[in-house]
Amino acid sequence: MSGLLSALNDLSYVTRAELRASDVDLSLLAEWIGAELQDAEPGRRAEIHVQPQLHVQGDERLLKLMPSQLIGNAWKFSREREPIRIDVAGERIGDLVHVEIRDQGIGFDMRYAHKLFEPFQRLHGPDQGGGHGLGLAIVRRIAERHRGSVRADSTPDAGATFTLELPATMVAEERA
């Protein structure tokens, strides 16, 4: 119940919070989240690869929730796989940065992909790691508030890939 209340609070927060735009290093956030997951379960072997220098323009407080939800799901739905493999990579295309978070977990049937980003919709039961059904709704709301998007691709038993499209930061242009 506390997890559900916390997720409802997050959903409300990401919908109403004032945006404070700045250069955000998604790579750093993803590395931090991966380290937190490994610290929480030091007995699990995991290979988390994060491409450096994935910079976007947005609100860091909100954007931290996106990789937290997506990498957290990749971790949860890879429970039966050893080692857990999660890759975070991206590229700038025009004014957007496309970031893929890919795992080799249990995946899902794309026939039900339309339900993924709706609140309280779950494709997996608790025995498979399914949660309250709000995490991906939170991700979508954050992406939309940043004039971006999120989409998913998966094959059952072969993992999933979530692609974020977010505004590129001006700093990224100077690095190129």
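The largest cavity has a volume of about 50 Å³, a volume being the space filled by probe spheres set on the grid points, which are joined across faces, edges and corners.

This is a predicted model, in which local features need pLDDT of at least 70 and side-chain atom pairs count only at pLDDT 80 or more, while totals for chains, interfaces and linings use all residues. Residues are numbered from 1 along each chain as its sequence is written, and side-chain values use heavy atoms, with hydrogens and water left out.

**Lining.** I noted L26, S27, A30, L54, P67, V88, V99, I101 and L164 around the largest cavity (lining residues have an atom within 4 Å of a point). Helix α2 gives the largest share of this lining, three residues (helices are DSSP runs of H or I, at least four residues, and strands are runs of E, at least two, numbered from the N terminus).

**Helix pair.** I then turned to α3 (residues 60-76) and α4 (residues 135-145), which pack at an angle of about 145° with their axes 9 Å apart (axes are lines fitted to C-alpha atoms, for helices over the stretch in contact, and angles run from 0 to 180 degrees between N-to-C directions). Among the residues that meet (heavy atoms within 4.5 Å), I listed L62, M66 and L70 in α3 and L136, V139 and I142 in α4.

Terms used
1 Å grid on protein atoms, 1.4 Å probe; cavity = no way out; pocket = protein on both sides within 12 Å on 5 of 7 lines; lining within 4 Å.
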